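The sequence and the model are shown below.

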Amino acid sequence: MRRSLFSQSVLSTAGVLSQGLARFGYSILIARFVGASELAVVNTLISLSIILSLLWPTAAGNAAGAFLARARARDASTAPVLRALWRSFAVSAVILVVLGVPIALLATGADGGRLAAFAALTVAWSAYIMTRGIRMGLGQVAETAVWDTISAVISLALLAAVIAAGADPLLLWPLAIGYLVFVVAALPGMRSSTRTSDPTAPPAASRIAAAPEGLWRFIATNSVALLATNGLLQFAMVFAYANADPVQAGMFAAAMALATPASMLAQAVSQVLIPRFAFWLHEDPAAARRRYGLVLLVLVGVLVVAFGLVAVLAGWLVPFVYGGGYEGSVQVLRILLVGAFLFSVGIIASSFLITSWRTGLATASAVVGTAIGVVLMYALLPALTASDAAAWGVVAGTAVTAVSSVALSLRRSPAESGSWTGSASGAGSSPGESGTRTPR
């Protein structure tokens, strides 16, 4: 029986919440038992890993959610989508490591051991985020939540062991291992779904099936949008590390760790919404936009409460979580919470834009917002500390992206006028179908 959108959202949120708490636990344990300087370098390397994954694997995960959902809606085989995604991931993983290691060396001056851990984390996180999108597209929401929780517990347990052993150069490995556990656990379920999809198709035809039309364009354009949207928050950490002393950068890292868990709610729900939007748009594009408007309204209300509560409690929360010496994070935290809220709203709107074949609009909004945010960071640097400049840059950039994305998402989509253009013509139809579609 197909689960409701609410139950799927709850399950997805529970899974991502467990991963978010693991990341948050990472920061708490390092801040309390290792120090602010070490927190800064670890979080900077994590941010670089996330930025690199945005160049392809994260978008591949979004594509998995959309294209697998459409294949299931048409009772078609999921094998071509999965095969194409994994082949592209293998190529992208090699490129990301080759590209990322020199960047990490220049940004942090890390030694060989840390760079090896950084490379492993980049591959593991990229595989995790794509695999999670695949499982959502296949409807495996409950299984995803379970393994999110298991892998998060494993990461924290291993981190505690590393800290107890005083092995600071190994601090990134527990996180990488946790993500790899999630990926390995997901493989049997994905293989099973691939074998049972479209059982009437001849095996030979399944083996030679080409990637679905529009898949590569979807991933490429979505990668640019994701890099612009998500990259701004991660770049802020790198910016603060590069322009402040390690202790000040540690204050910023501590604030980021408290500001981002609430934004994971939007990211968790968006992975459920992407395949759900795809189903809705497949059935009735006009009704899908109305349903989306209601979902957006409800989620914005939930986010206002979540972020507002953290902002009100910030003065008490920072010393309670991190202990003494981190009071300098309070002001930056409150600024970052505004940016994280706007980022979350933009994520929800962008999810509808990319599934209604307006990825170009989502990309343009994100690129403009990010450009404004980065420019403002450097413009404010002489007058403000690097942490404050980074935080206000995040607010400005995410505000531009959120406002423009919401405005565009509430407009009529090409599907509602009965025509598809640009990427829609490919991604909206299977090979052999016309690029023009009449709404049902």
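The model is a predicted one. In this predicted model, H11 spans residues 285–322, and its axis comes within 10 Å of the axis of H12, with a crossing of roughly 170 degrees. The contact of H11 with H12 comprises 22 nonpolar, 3 polar and 2 charged residues.

The setting for this pair is a protein with 15 helices and 0 strands. Of its 440 residues, 57% are buried. Among contacts with a separation of 6 or more, 84% join residues 24 or more positions apart. The protein exposes about 16,900 Å², and carbon and sulfur atoms supply 70% of that area.

### Two further helix pairs

Two packed helices are described by the angle between their axes and the distance between the axes. For H9 and H12, the angle is about 175 degrees and the axes are 11 Å apart. An angle over 145 degrees counts as roughly antiparallel, and H9 and H12 are therefore roughly antiparallel to each other. On the H9 side, Phe 218, Asn 222, Thr 229, Asn 230 and Leu 233 take part, and they meet Phe 343, Ile 347 and Ile 354 of H12. Sorted by class, this contact of H9 with H12 has 5 nonpolar residues, 3 polar residues and no charged residues.

Helix H5 covers residues 112–137 and helix H6 covers residues 141–164; their axes come within 8 Å and cross at roughly 150 degrees. H5 and H6 are therefore roughly antiparallel to each other. The crossing in which H5 passes H6 is left-handed. H5 contributes Tyr 128, Arg 132, Arg 135 and Met 136, which meet Val 141, Glu 143, Thr 144, Trp 147 and Asp 148 of H6. The residues of this contact of H5 with H6 divide into 4 nonpolar, 1 polar and 4 charged.

### Selected residues

| Residue | Relative accessible area | Class |
|---|---|---|
| Ser 351 | 4% | buried |
| Phe 235 | 25% | partly exposed |
| Ile 50 | 10% | buried |
| Ala 288 | 1% | buried |
| Pro 275 | 7% | buried |

Ser 351 belongs to helix H12, which runs over residues 329–355. Apart from neighbours within four places in sequence, Ser 351 is in contact with Ser 270, Ile 274 and Phe 277. With neighbours within four places in sequence left aside, Ala 288 is in contact with Trp 280, Leu 281 and Phe 352.

Pro 275 is located in helix H10, residues 246–283. Which residues does Pro 275 contact, leaving aside its neighbours within four places in sequence? They are Gly 65, Ala 69 and Met 136. Met 136 is also one of the H5 residues that meet H6. In space, Pro 275 and Ala 66 are 5.0 Å apart from C-alpha to C-alpha, although 209 residues apart in sequence.

Helix H2, residues 36–53, holds Ile 50. Beyond neighbours within four places in sequence, Ile 50 is in contact with Arg 23, Trp 125 and Gln 234. The C-alpha atoms of Ile 50 and Leu 121 are 9.2 Å apart, and these residues are 71 residues apart in sequence.

Phe 235 is placed in helix H9, which comprises residues 215–243. Why is Phe 235 classed as partly exposed? Buried means under 20% relative accessible area and exposed means over 50%; Phe 235 has a value of 25% and therefore counts as partly exposed. Not counting residues up to four places away in sequence, Phe 235 touches Ile 51, Val 374, Met 377 and Tyr 378. Phe 235 and Val 394 are 159 residues apart along the chain, with their C-alpha atoms separated by 9.2 Å.

Notes:
Residues numbered from 1 in each chain as written. Predicted model: local features only at pLDDT ≥ 70, side-chain atom pairs only at ≥ 80, totals over all residues. Heavy atoms only, no water. Axes fitted to C-alpha atoms, helices over the stretch in contact; angles between N-to-C directions. Helix = DSSP H or I, 4+ residues; strand = E, 2+ residues; numbered from the N terminus. Parallel < 35°, antiparallel > 145°, perpendicular 65-115°, else oblique. Left-handed = near helix turned anticlockwise from the far one by under 90°. Contact = heavy atoms within 4.5 Å. Nonpolar A, V, L, I, M, F, W, Y, C, P; charged D, E, K, R; others polar. Buried < 20%, exposed > 50% of the residue type's maximum accessible area, 1.4 Å probe, protein only. Areas by Shrake-Rupley, 256 points an atom, 1.4 Å probe, with all protein chains shown as cover.
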